[in-house]
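Reader: I am new to reading structures like this one. Could we go through the features one at a time?
Author: Gladly. Here is the structure.

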Amino acid sequence: MDVLGDATAAPSSVPWRPTRQRKAVLSALHDCAGFTSAQELHEALEADGIPIGLTTVYRALHALDRSGQVDVVREKSGERLYRPRPADGHRHYLVCRDCGLSTAVDADAVERWAEDVAGTMGFAEVEHTVELTGVCDRCRVTPAVRSSAEQHS
């Protein structure tokens with residue numbers, strides 16, 4: 001899985017209207033481990049007997065993103081993946097390009113830099129995107145090494 005990070009610096013000023021469907025999408029998102037797609041959320045909601053259209057799921061996720069309630073990463077294919085944003089603000093993630101493992105990283109320097117640039121240029125309500133991808137330790141083991149290790153076990 002190839003993933004590119006897409007996080008905003010501050011929640012948008014768009015208000016959150018907690019409709020029944022938006023609450024269901026947010027609840028399902030909290031039940032997922034890691035980042036998940038709109039289609040995966042739709043399937044989970046349907047499996048739980050919650051009748052909701054895929055378009056409604058996309059709209060709810062867009063509203064959650066605009067209100068600052070989710071963090072988003074984007075796969076190279078362009079698909080957006082979502083996870084609930086922690087109460088203390090957005091995160092930046094280092095994401096494995098092979099397996100999709102995501103790890104939150106301390107990005108205080110990035111935040112300070114974005115604020116400094118915005119202030120210097122006379123901008124407010126600045127959003128930013130930081131893309132941190134790599135290959136995790138588990139995926140870094142080459143298939144030949146992995147096969148050799150499996151034969152010896």
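Reader: Does Tyr93 count as buried or exposed, and at what relative accessibility?
Author: First, a word on the source. This is a predicted model, where local features need pLDDT of at least 70, side-chain atom pairs count only at pLDDT 80 or more, and totals for chains, interfaces and linings use all residues. Residues are numbered from 1 along each chain as its sequence is written, and side-chain values use heavy atoms, with hydrogens and water left out. Now the idea: buried means under 20% relative accessible area, exposed means over 50%, and partly exposed lies in between (1.4 Å probe, protein chains only). Tyr93 has 7% relative accessibility, so this residue counts as buried.

Reader: Which residue forms an aromatic pair with Tyr93?
Author: Rings of Phe, Tyr and Trp (its six-membered ring) pair if their centres lie within 6.5 Å; planes under 30 degrees apart count as stacked, over 60 as edge-to-face and the rest as tilted. The structure holds 1 aromatic pair. Its members are Phe35 and Tyr93, edge-to-face, at 4.9 Å centre to centre with 85 degrees between the planes. Phe35 sits in the loop between α1 (20–31) and β2, while Tyr93 is in strand β5 (residues 92–96), so the pair ties together parts 58 residues apart in sequence. Phe35 is buried too, with a relative accessible area of 14%.

Reader: Which residue lies over the face of Phe35?
Author: A charge sits over a ring if NZ of Lys or CZ of Arg is within 6 Å of the ring centre and within 35 degrees of the ring normal. Here Arg83 lies over the face of Phe35, at 4.7 Å from the ring centre.

Reader: How do I read the strands?
Author: Helices (H or I, at least four residues) and strands (E, at least two) are DSSP runs, numbered from the N terminus. Two strands pair if DSSP finds at least two bridges between them. Take strand β4, residues 80–84. Strand β3 (residues 70–75) pairs with β4 in the antiparallel sense over 5 bridges. Strand β2 (residues 36–37) also pairs with β4 in the antiparallel sense, over 2 bridges.

Reader: Which residue in β4 is the bridge partner of Val70?
Author: Pro84 is the partner of Val70.

Reader: How many residues of β4 are buried?
Author: The strand is mostly covered, with 4 of its 5 residues buried.

Reader: Which residue has a positive phi although it is not a glycine?
Author: Start with the general idea. Most residues other than glycine have a negative phi, and most peptide bonds are trans. Glu125 has a positive phi of about 50 degrees. Glu125 lies in the loop between α4 and β7 (132–134). At 71% relative accessibility, Glu125 counts as exposed.

Reader: How many salt bridges are there?
Author: Side chains of opposite charge can pair when their charged atoms come close. The rule asks for a side-chain nitrogen of Lys or Arg within 4 Å of a carboxyl oxygen of Asp or Glu. The count comes to 3 salt bridges. One of them joins Arg80 and Asp65 (2.6 Å, N to O). This pair links distant parts of the chain, with Arg80 in strand β4 and Asp65 in helix α3 (residues 54–66), 15 residues apart. Arg80 is partly exposed at 23% relative accessibility, whereas Asp65 is buried at 16%.

Reader: Which residue meets Asp71 in a salt bridge?
Author: Arg85 does, at 2.7 Å, N to O. Asp71 is in strand β3 and Arg85 in the loop between β4 and β5, so the pair ties together parts 14 residues apart in sequence. Asp71 is buried at 0% relative accessibility, and Arg85 is buried at 11%.
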